[in-house]
Amino acid sequence: MKILFINPTFFDGDAFKNRYADYVNWIRGGNLYVAPFEPPLGLAYLTAYVKRLGHDVTLLDMQALLMDSEELGRRIKAGKPDVVGITAMTPTLPAALRAADIARAQVPASTIVLGGVHPTLDPETVIGHPSVDFVIRGEGEEAFSQLLHALQNGGDGLGQIQGLCFRTSNGVRISEKAQLGENLDSIPGADYGAFPVERYIEHNSLLRSVRGISMIVSRGCPYNCSFCAVQQTMGRKWRFKSPAKVVDEVIRLRDDHGIEGVWFKDSIFNLKPAWTKEFCRLMVERKVGIEWQALTRINLLDEDELIMMKEAGLTQIDLGIESGSPKSLVRLNKKITVDQIKEKVALAKRHLRVFGFFMIGIPGEDEDDVRQTFELAKSLELDRWSWSIYSPLPGSPLYDELIAEGRIKPFALEHTRVHFTEAYEGICSIPSARLKELYGEINEHFATRRLQHL
């Protein structure tokens, strides 16, 4: 079958280019959110999996190609796909549904499938859109492949596919989320050749000072940060590829695309010490010769392990610090204190560059809480910082709390505000206009600080 995957963008073509240019200094300082630009790794994994089954697969990355809706329509019409698969996060849902409408208009006989974070959490709304035939909840590789098989056999077996949602004569079938087993080695590596990889390598050079690309080698997270929805999409259990498989994929990326570094975007990279030790041993033994960066939690920083990872090529550790307000750390369920943050950051800085994630506008915050976070961030003397404004993410415990408190209504979101740089009114005690003002002042401070040290 002829399959087209679409990665919709936060902002159409020229709007993204203008935004990128306006905030380039913030991006150099580490801000990931003002111009979101990450490779579509979920679709790249799906592409590799479906290609292995013998299907003709194209991944159309609107984000990297700076593609507008008119060009998308032309591409779909020319490609005449049998099945169109579109991914959607909460901020990109309107763009994803617009892409579905365009696909329906250009190839009326095609089957249109939506998946990703938002359809997983809100399948009823998404399947209610007239241009959407199916929704896949959870991890899509096996469910999407089973759907293709069923379509080739006249629709037989649709009701037995875990994760598949669709309209029936009696209403709507909503399935339990699909999840792969524990052996992630059973799935092929993401197909980086399916999208314009060089565009992301260039962006990474600006954002992280290395000619590199991001990777995801695990799924799930056992921690319960209240602002995060990963457990509702990937589960609580941390599942991972074997160290040998990961090193194989790093080497292939290095050789195929000439990269000099990798950023592991996994929620937590070093959750299992034995896994980390074996990965580091193989990186040294096989003389991979690239630098890498990874994300972890404050409480998982261990000096001996940091030294070992540095010897294996680690140059930067990313830390989810989030707040300098003790009150907000409790609300976020981070299970860390300000004193622990100071101690562990100082430890990490003895060996590596350190990148910190911070958030303001957390429910319950006032300007004093924001000031505490700002002052902590300044005192830590980090190498890079990424600042966001709290957004209520469906699937997160804090989102559910806000619904219970009557501050928001379920799935009645202004999607253009849910990308971590806009402020909802009434989430915290700071008026949204003032919160945006504070956000700009903080980012300007750290962008200037970064430029002064280049």
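1. **Burial.** A residue counts as buried when its relative accessible area is under 20%, as exposed when that area is over 50%, and as partly exposed in between (1.4 Å probe, protein chains only). Glu322 has a relative accessible area of 8%, so Glu322 is buried. Glu322 sits in strand β13, residues 314-322. Strands here are DSSP runs of E with at least two residues, helices are runs of H or I with at least four, and both are numbered from the N terminus. The phi of Glu322 is positive, about 75°, although Glu322 is not a glycine.

2. **What the model is.** This is a predicted model: local features need pLDDT of at least 70, side-chain atom pairs count only at pLDDT 80 or more, and totals for chains, interfaces and linings use all residues. Residues are numbered from 1 along each chain as its sequence is written, and side-chain values use heavy atoms, with hydrogens and water left out.

3. Leu66 lies in the loop between α4 (62-65) and α5. Its relative accessibility is 22%, so Leu66 counts as partly exposed.

4. **Helices α5 and α6.** Two packed helices are described by the angle between their axes and the distance between the axes. Axes are lines fitted to C-alpha atoms, for helices over the stretch in contact, and angles run from 0 to 180 degrees between N-to-C directions. Helix α5 (residues 69-79) packs on helix α6 (residues 93-106) at about 40°, with the axes 9 Å apart. That makes α5 oblique to α6. Angles under 35 degrees count as roughly parallel, over 145 as roughly antiparallel, 65 to 115 as roughly perpendicular, and the rest as oblique. The crossing of α5 past α6 is right-handed. A crossing is right-handed if the near helix is turned clockwise from the far one by less than a right angle, and left-handed if anticlockwise.

5. **Who meets whom in α5 and α6.** Contact means heavy atoms within 4.5 Å. From α5 come Ser69, Leu72, Gly73, Ile76 and Lys77; they meet Arg98, Ala99, Ile102, Ala103 and Gln106 in α6. By class, this contact of α5 with α6 has five nonpolar, three polar and two charged residues. Ala, Val, Leu, Ile, Met, Phe, Trp, Tyr, Cys and Pro count as nonpolar, Asp, Glu, Lys and Arg as charged, and the others, Gly among them, as polar.

6. **Helices α13 and α14.** The axes of α13 (residues 273-285) and α14 (residues 303-311) come within 8 Å and cross at roughly 30°. The two helices, α13 and α14, are therefore roughly parallel to each other. Here α13 passes α14 in a left-handed crossing. Pro273, Thr276, Lys277, Cys280 and Val284 in α13 meet Glu305, Met308, Met309 and Glu311 in α14. The residues of this contact of α13 with α14 are five nonpolar, one polar and three charged.

7. **Helices α17 and α19.** The axes of α17 (residues 367-380) and α19 (residues 432-452) come within 12 Å and cross at roughly 10°. So α17 and α19 are roughly parallel to each other. In α17, Glu367, Val370, Phe374, Ala377 and Lys378 meet Arg434, Leu438, Ile442, His445, Phe446 and Arg449 in α19. The contact of α17 with α19 has six nonpolar, one polar and four charged residues.

8. **Aromatic pairs.** A search of the whole structure finds 27 aromatic pairs. Rings of Phe, Tyr and Trp (its six-membered ring) pair if their centres lie within 6.5 Å; planes under 30 degrees apart count as stacked, over 60 as edge-to-face, and the rest as tilted. The ring centres of Phe195 and Tyr200 are 5.6 Å apart and their planes stand at 85°, so this pair is edge-to-face. Phe195 is buried, with a relative accessible area of 5%, and Tyr200 is buried, at 2%.

9. **Phe279 and Trp292.** Their ring centres are 5.2 Å apart and their planes at 90°, so the pair of Phe279 and Trp292 is edge-to-face. Phe279 lies in helix α13 and Trp292 in strand β12 (residues 291-296), so the pair ties together parts that are 13 residues apart in sequence. Phe279 is buried, and so is Trp292.

10. **Val354.** Val354 lies in strand β14, residues 353-360. Val354 is buried, with a relative accessible area of 0%. Leaving aside residues up to four places away in sequence, Val354 touches Ile317, Leu319, Ala348, Lys349, Leu382, Asp383 and Arg384.
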